[in-house]
Amino acid sequence: MRGGVIAGTPRARHLVERALTLIGAPSPFEHGDPNVSLQQTTAESDRAVTVETVPHLDLPPFGRFFLPGPTEVRPEVLDAMVKPVIGHRGPDMNALMGGLETGLSYLFRTDRPVYVSTSSATGMMEAAITNLSRRRVLCLVCGAFSERFHTIAADTGHAADRMDVEWGEPNLPERVAGKLAEANGRYDLVTIVHSETSTGVLNPIAAIAEVVGEFDDVLLAVDGVTSVGGAPLLFDEWKLDFVVTGSQKALALPPGLALAVASERALERARQIEDRGYYFDLLKFEKNTVKGQTPNTPAVSLFYALAFQLDRIRKEGLEARWDRHVNMAERTWVWVDEMSARSGEPFRVLSPAGYRSPTVTAVTMPDGFDGSQVVAALRERGYTIGNGYGKLKGRAIRIGHMGDHTMQELEDLLEQITEVMLG
């Protein structure tokens, strides 16, 4: 059990006892519990009590949770959230936001302000639709999560068309160029996912952005939920218009924050649209972010964790982080080939070579193997991976080799999966 510290006024002991009573636990103060000590300290004229007790839960060993989101969060990142709440319209919040902006600019490779929304990334995907399209949206669909843009457009009353490829295949720039050319001004926004979490496909965003950029009135919105922080995504260099990611994927933070960047072209488009919505109005995010604030009440504790993790990412180096993800992905792909050779069964990586995500791999199961059973068996061993998603449920497994995982942790997981499937 990991100990913790509660500091405050003399009411601290009462509050601890009250909290333990509510969950049916005995007071640690009653019989001189050796795990508890009271230390009287004086700070200026105030008298404080420091109580060492056990406010934290036991955490399982790190390195066994390989869902493709949410990903595992390191204990020290969780600990970073244990700070006092601050007013979100005061100088403390200005300072926190100012510190975040440096790390976020580094993360997105941009000089533009980076918005932090207390929401899931889906909220900022909705912002892309409601703020950036006046006419019709072209949604490039290659799996369940790229399909979400089209669903949002339909649910918010925005005209949209789909351009689908088979699950496991990428969206290619030549097809996008052909579609936009024949549409003759029909579309003013293209949406795409960078790393498709349901299939493990990595779309060629830089090449697609170059194609879309040839059409003056067309913007490009990118779902970078499982790519930002785990794969190269260069907002300024690739001349992207809008990118969104979530805290709970390659950034290895708790769920609850969406991070987004909008180009000047995107903001100019938003100014032309009156019904942008309220919560996800990009002009409000822009106005508040440059002032070191947020347009809505922020989840301050998550902001603390974000600041801590951005510092960790800078210390590792973003390029080194990308390389670590590629190395884990390549090891997973080799392992799939090893499984096929050893078993004589056609295990395979769903996405084609050259278009594989460095953060998540979908592995299709041969006849006689059930992905759901593999997931359940691993859970009994203390490991977590993802089942196939949507129409791939039971027919595939998904390994989220992203965030703060290491090669050794991945090797341990692959050994467990091998034992489960081959004995």
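Trainee: Where is the place of N184?

Mentor: N184 sits in the loop between helix 6 (173–183) and strand 7 (189–193). Bear in mind that this is a predicted model.

Trainee: What is phi of N184 near?

Mentor: It is near 55 degrees, a positive value in a residue other than glycine. Most residues other than glycine have a negative phi.

Trainee: Is N184 buried or exposed?

Mentor: N184 counts as exposed, because its relative accessibility is 71% and the cut-off for exposed is over 50%.

Trainee: And K239, what is its phi near?

Mentor: Phi of K239 is near 55 degrees, again a positive value in a residue other than glycine. K239 belongs to the loop between strand 10 (219–223) and strand 11 (242–246). At 69% relative accessibility, K239 counts as exposed.

Trainee: What about the peptide bond from G69 to P70, cis or trans?

Mentor: That bond is cis, with omega near -5 degrees. Most peptide bonds are trans. P70 is in the loop between strand 3 (46–53) and helix 2 (75–79).

Trainee: Stepping back, how many helices and strands are there in the protein chain?

Mentor: The protein chain has 13 helices and 16 strands. Of its 423 residues, 54% count as buried. Among contacts between residues at least 6 apart in sequence, 70% join residues at least 24 apart.

Trainee: Now helix 13. Which residues of helix 13 are buried?

Mentor: The buried residues in helix 13 are E409, L410, L413, L414, Q416, I417, T418 and M421.

Trainee: What covers them?

Mentor: The cover includes helix 11, helix 12 (371–380) and strand 16 (396–399).

Trainee: How do the axes of helix 11 and helix 13 come together?

Mentor: The axes of helix 11 (residues 318–343) and helix 13 (residues 407–422) come within 11 Å and cross at roughly 20 degrees. Angles under 35 degrees count as roughly parallel, so helix 11 is roughly parallel to helix 13. The crossing is right-handed.

Trainee: Which residues make the contact?

Mentor: Helix 11 contributes N327, M328, R331, T332, W335, M339, R342 and S343. From helix 13 come M407, L410, E411, L414, I417, T418, M421 and L422. By class, the residues of this contact of helix 11 with helix 13 are nine nonpolar, four polar and three charged.

Trainee: And at what angle do helix 12 and helix 13 pack?

Mentor: They pack at about 120 degrees, with their axes 10 Å apart. That makes helix 12 oblique to helix 13. The crossing of helix 12 and helix 13 is right-handed. V374, A377 and L378 of helix 12 meet Q416, I417, V420 and M421 of helix 13. The contact of helix 12 with helix 13 has six nonpolar, one polar and no charged residues.

Trainee: What should the 16 residues of helix 13 span?

Mentor: At 1.5 Å a residue they should span 22 Å, and the end C-alpha atoms are 22 Å apart, which agrees. After helix 13 comes G423, whose phi is positive, near 80 degrees.

Trainee: Different pair. How do helix 3 and helix 10 cross?

Mentor: The axes of helix 3 (residues 91–108) and helix 10 (residues 300–316) come within 9 Å and cross at roughly 40 degrees. Helix 3 and helix 10 are therefore oblique to each other. Their crossing is left-handed. On helix 3 the contact is made by M93, L96, M97, L100, T102, G103, L104, Y106 and L107. On helix 10 it is made by F303, Y304, L306, A307, L310, I313 and R314. The contact of helix 3 with helix 10 has 13 nonpolar, two polar and one charged residues.

Trainee: Back to loops. Is T197 buried or exposed?

Mentor: T197 is buried, with a relative accessible area of 5%. Its loop lies between strand 8 (195–196) and strand 9 (201–202).

Trainee: Which residues is T197 in contact with, leaving aside neighbours within four places in sequence?

Mentor: Those are P68, F145, T226, K249, V360 and R398.

Trainee: Last one, A353: buried or exposed?

Mentor: A353 is exposed, with a relative accessible area of 59%. A353 lies in the loop between strand 13 (348–349) and strand 14 (361–364). A353 and W333 are 20 residues apart in sequence and 9.6 Å apart in space, C-alpha to C-alpha.

Definitions and conventions. Residues numbered from 1 in each chain as written. Predicted model: local features only at pLDDT ≥ 70, side-chain atom pairs only at ≥ 80, totals over all residues. Heavy atoms only, no water. Axes fitted to C-alpha atoms, helices over the stretch in contact; angles between N-to-C directions. Helix = DSSP H or I, 4+ residues; strand = E, 2+ residues; numbered from the N terminus. Parallel < 35°, antiparallel > 145°, perpendicular 65-115°, else oblique. Left-handed = near helix turned anticlockwise from the far one by under 90°. Contact = heavy atoms within 4.5 Å. Nonpolar A, V, L, I, M, F, W, Y, C, P; charged D, E, K, R; others polar. Expected span 1.5 Å × (residues − 1). Buried < 20%, exposed > 50% of the residue type's maximum accessible area, 1.4 Å probe, protein only.
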